[in-house]
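Reader: I am new to this structure. Please show me how to read it, feature by feature.

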Amino acid sequence: MAALSGLAALRAGCRLWKLPARPSAGLPGCWLRRGYIVGRAESPPTFGLLFDIDGVLVRGHRVIPAALEAFGKLINSQGQLRVPVVFVTNAGNILQHSKAQELSDQLGYKVDPDQVILSHSPMKLFSQYHNKRMLVSGQGPLVENARALGFQNVVTTDEVRTAFPELDMVDLERRPKTTQRPRNDFPAIEGVLLLGEPVRWETNLQLIMDVLLSNGNPGTGQVTAPYPHLPVLASNMDLLWMAEAKMPRFGHGTFLLCLEAIYRKVTGKELKYEGLMGKPSILTYQYAEDVMRQQAERRGWSAPVRKLYAIGDNPVSDVYGANLFNQHLQMAKRGEERGTGGQQKRQPSTIQSCVSILVCTGIHSSQDPGSEGAQLPFHGHRDFSFSPELLEASHIVHDVDEAVQLVFRQEGWA
């Protein structure tokens, strides 16, 4: 039999899959993409994808090849996403538009900034603190990030150290050489923002403690620490994360663990948070749902999103968070929904379930001892109780490309 022309082969494929060869004039009614036959006029999607970034799509600055395969299946012939996609990362030491541009360069398609949720993005909901003078800790574009979140009156740990150099004493090279005159013109600090791991942990730990123990006046040195202390908002609870190194690296969760231990040892009381953001916080998934709804409205997709698939590499943040959100959704159906922080009212949720998918290209590996049933220590944050069932992924696959194929099969899109 003579070989079919490209167009004839395409139409034959359509007939094989019982798809119309030419529903309207112009392009053929379906096209092939990496083994998938995709109809020109697909029905509006009723599901959406939440992608973790580090360990799923990239390792450090290196894109994981399976990510390119996966997005080859997710992008249509016009270069548009076929389903709602939101990138949910616990990273926070970068601007939202910069992260979007970084992803665009790595994945080869334009990622819009509003598709990217950083660990601290839900802090936009905590408007009751936006006009307070807040100490901000982290690195990178700290002030720009804080202002983008709505906080208009922020002071950095470097600014506190400059005002009170005698407070930073660990590094002998940075100790003041002369006695400084006490300052009484430094405005009181009214709260603390922990946006990500800082560079000089000893300096940040010391100055944050000074602010909490002095009720926002680090130069005064109060004898009795106030309790409850000033409000603290924190994002990114990851104890560890995966970059180019063979072993995981410390994350902001490790810094929070240090701060909590120091505060408890010094005061005999527990450090309390007004809000904890980033995965596995329910608030982060609710925020992602709102972002996804807006994305679907812009695309003109009329059908509401009913199911989320959360794809990640970290059982403690990605799997636990997706399962915790799914548990929250089921409780809401029974009228048992609990508050999750923030003051802004949300639209009623259309999401009915959230499915967790674990990949083996990052923190979790198919060779991990836990894969064979060994009990591993719980790496989650203190304020999230250890629940073994929440650490069990709905599905475990090798990489993100297999995850997307799995979702398509589940939804009847393959």
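Predicted model: local features only at pLDDT ≥ 70, side-chain atom pairs only at ≥ 80, totals over all residues.

Reader: Let us begin with the whole chain. How many helices and strands does the chain have?

Author: Ten helices and 17 strands. The chain has 414 residues, and 51% of them are buried.

Reader: What share of the contacts comes from residues 24 or more positions apart?

Author: Take the contacts in the chain with a separation of 6 or more; 73% of them join residues 24 or more positions apart.

Reader: Which residues is Leu193 in contact with, leaving aside neighbours within four places in sequence?

Author: Among them are Met123, Met134, Leu135, Val136, Phe151 and Leu233. Ser137 is in contact with Leu193 too.

Reader: Next, α8. How far does α8 reach from its first C-alpha to its last?

Author: Compare the reach with the expected span. α8 has 18 residues and reaches 26 Å, close to the 26 Å expected at 1.5 Å a residue. This helix is mostly covered, with 14 of its 18 residues buried.

Reader: Which residue caps the N-terminal end of α8?

Author: Look for a side chain that reaches back to the backbone. Ser281 is the cap: a side-chain oxygen lies 3.2 Å from the backbone nitrogen of Leu283. Ser281 sits in the loop between β14 (275–277) and α8. Its relative accessibility is 5%, so Ser281 counts as buried. Not counting residues up to four places away in sequence, Ser281 touches Met237, Leu276 and Phe384.

Reader: What comes just after α8?

Author: Gly300, with a positive phi of about 80°.

Reader: Let us turn to helix α9. What span should its 19 residues have?

Author: Helix α9 (residues 315–333) should span 27 Å, at 1.5 Å a residue. The end C-alpha atoms of α9 are 26 Å apart, which agrees. Still, check for bends: α9 has a kink of about 25°, centred on Gly321.

Reader: Why is α9 described as largely enclosed by the rest of the structure?

Author: Because 14 of its 19 residues are buried. At the start of α9, a side-chain oxygen of Asn314 comes within 2.9 Å of the backbone nitrogen of Val316. Gly335 follows α9 and has a positive phi, near 75°.

Reader: And helix α10? Which residue caps its N-terminal end?

Author: Asp399 does, with a side-chain oxygen 3.2 Å from the backbone nitrogen of Asp401. The buried residues of α10 (residues 400–410) include Val400, Val404, Leu406 and Phe408.

Reader: Now the loops. Which peptide bonds are cis?

Author: Read omega for each bond. The bond from Tyr227 to Pro228 is cis, with omega near 5°. Pro228 lies in the loop between α6 (201–213) and β11 (232–235). The bond from Lys279 to Pro280 is also cis, with omega near 15°. Pro280 is in the loop between β14 and α8.

Reader: Which residues have a positive phi although not glycine?

Author: Asn215 has one of about 60°, and Asn236 has one of about 70°. Asn215 is in the loop between α6 and β11. At 33% relative accessibility, Asn215 counts as partly exposed. Asn236 lies in the loop between β11 and β12 (240–241), and is buried at 7% relative accessible area.

Key. Residues numbered from 1 in each chain as written. Heavy atoms only, no water. Contact = heavy atoms within 4.5 Å. Buried < 20%, exposed > 50% of the residue type's maximum accessible area, 1.4 Å probe, protein only. Helix = DSSP H or I, 4+ residues; strand = E, 2+ residues; numbered from the N terminus. Polar contact = N/O pair within 3.5 Å; in protein donor to acceptor, adjacent residues only side chain to side chain. Expected span 1.5 Å × (residues − 1). Bend = angle between axes of the 7 residues up to and from the residue.
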